[in-house]
Amino acid sequence: MVELVKKGWNRYLLQLQLHPLRTKAVTAGVLAGISDSVAQKLSGIERLQLKRLLLKVLFGFAYGGPFGHFLHKLMDAIFKGKKDNKTVAKKVLLEQLTSSPWNNLLFMTYYGLVVEGRPWSQVKQRLKKGYPSVQLTAWTGDIPEP
């Protein structure tokens, strides 16, 4: 079993080298699907909502993976050749101040408009009410009990 996992991991790393964008897009889609499946189960949904799941997979595949790929290429260019702990901290700070707010805003908008099918006026109200606490939670990690 360990050999099988090791072989699979090595094949994955090879795909990352050969086809980084495609591999990251597929990985983000798969992780979004797993995440939503677990979230649905934990929230007590009896039967898996397949449409919701597929729309989240699509978001991960079409946006999450590619965005992360190009963001980190840009960060590597900005901090060219630097890999020390101070640089890593600067990258994390830059990402948290720029892409984290953008990604949360975009996801909440996508979820409201596309996944839930709500009209823009409702999505806008939900953003005004919920976005600040979502972003604060993203920054602090203070996740409330369900």
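**Figure 1. Contacts and overall make-up of the protein chain.** Among contacts in the protein chain between residues at least 6 apart in sequence, 54% join residues at least 24 apart. The model shown is predicted. Its secondary structure comes to six helices and zero strands, and the pattern read along the sequence is α-α-α-α-α-α. Taken along the principal axes, the C-alpha atoms of the protein chain fill a box of roughly 45 × 40 × 30 Å. The protein chain has 146 residues, of which 26% count as buried. Its accessible surface comes to about 10,700 Å². Carbon and sulfur atoms account for 66% of that surface.

**Figure 2. Packing of helix α1 against helix α2.** Helix α1 covers residues 2-18, and helix α2 covers residues 20-42. The two helices pack at an angle of about 125°, and their axes are 5 Å apart. The angle makes α1 oblique to α2. On the α1 side, the contact is made by Y12, Q15, L16, Q17 and L18. On the α2 side, the contact is made by P20, R22, T23, K24 and T27.

Figure 3. T23 is found in helix α2. Is T23 buried or exposed? T23 has a relative accessible area of 8%, and the cut-off for buried is under 20%, so T23 counts as buried. Leaving aside residues up to four places away in sequence, T23 touches Y12, Q15 and L16. Y12, Q15 and L16 are also among the residues of α1 that make the contact with α2.

Figure 4. Which residues make the nonpolar surface patch? They are V26, V30, L31, I34, V38, L42 and F61. Together these residues form a patch of about 680 Å². Helix α2 gives the most to the nonpolar patch, with six residues. One of the patch residues is V38, which lies in helix α2. V38 has a relative accessible area of 43% and is partly exposed. A residue must have over 30% relative accessible area to belong to a patch, so V38 passes this cut-off.

**Figure 5. The salt bridge between D36 and R52.** How many salt bridges does a search of the whole structure find? The search finds five. In one of them, the side chains of D36 and R52 meet, at 2.7 Å from N to O. D36 is in helix α2 and R52 is in helix α3, which covers residues 50-78. The pair links distant parts of the chain, as D36 and R52 are 16 residues apart. D36 is buried, with a relative accessible area of 1%. R52 also counts as buried, at 15% relative accessibility.

Figure 6. R118 is partly exposed, with a relative accessible area of 30%. E116 counts as partly exposed at 34% relative accessibility. The side chains of E116 and R126 meet in another salt bridge, at 2.5 Å from N to O. R126 lies in helix α6 (residues 120-140), and E116 lies in the loop between α5 (99-115) and α6, so this pair ties together parts that are ten residues apart in sequence. R126 has a relative accessibility of 37% and counts as partly exposed. Elsewhere, salt bridges that share partners join D36, R52 and K56 into one network.

Figure 7. Where is P119 found? P119 is in the loop between α5 and α6. P119 is partly exposed, with a relative accessible area of 42%. Along the chain, P119 and Q15 are 104 residues apart. The C-alpha atoms of P119 and Q15 are separated by 40 Å. Q15 is one of the α1 residues that make the contact with α2.

Terms used
Residues are numbered from 1 along each chain as its sequence is written. This is a predicted model: local features need pLDDT of at least 70, side-chain atom pairs count only at pLDDT 80 or more; totals for chains, interfaces and linings use all residues. Side-chain values use heavy atoms; hydrogens and water are left out. Patches are made of residues with over 30% relative accessible area and no salt bridge: like charges are joined within 9 Å, nonpolar side chains (Val, Leu, Ile, Met, Phe, Trp, Tyr) within 5 Å. Accessible areas come from the Shrake-Rupley method with a 1.4 Å probe; for residues, only the protein chains shown count as cover. A salt bridge is a side-chain nitrogen of Lys or Arg within 4 Å of a carboxyl oxygen of Asp or Glu. Helices (H or I, at least four residues) and strands (E, at least two) are DSSP runs, numbered from the N terminus. Buried means under 20% relative accessible area, exposed over 50%, partly exposed in between (1.4 Å probe, protein chains only). Axes are lines fitted to C-alpha atoms, for helices over the stretch in contact, and angles run from 0 to 180 degrees between N-to-C directions. Angles under 35 degrees count as roughly parallel, over 145 as roughly antiparallel, 65 to 115 as roughly perpendicular and the rest as oblique. Contact means heavy atoms within 4.5 Å.
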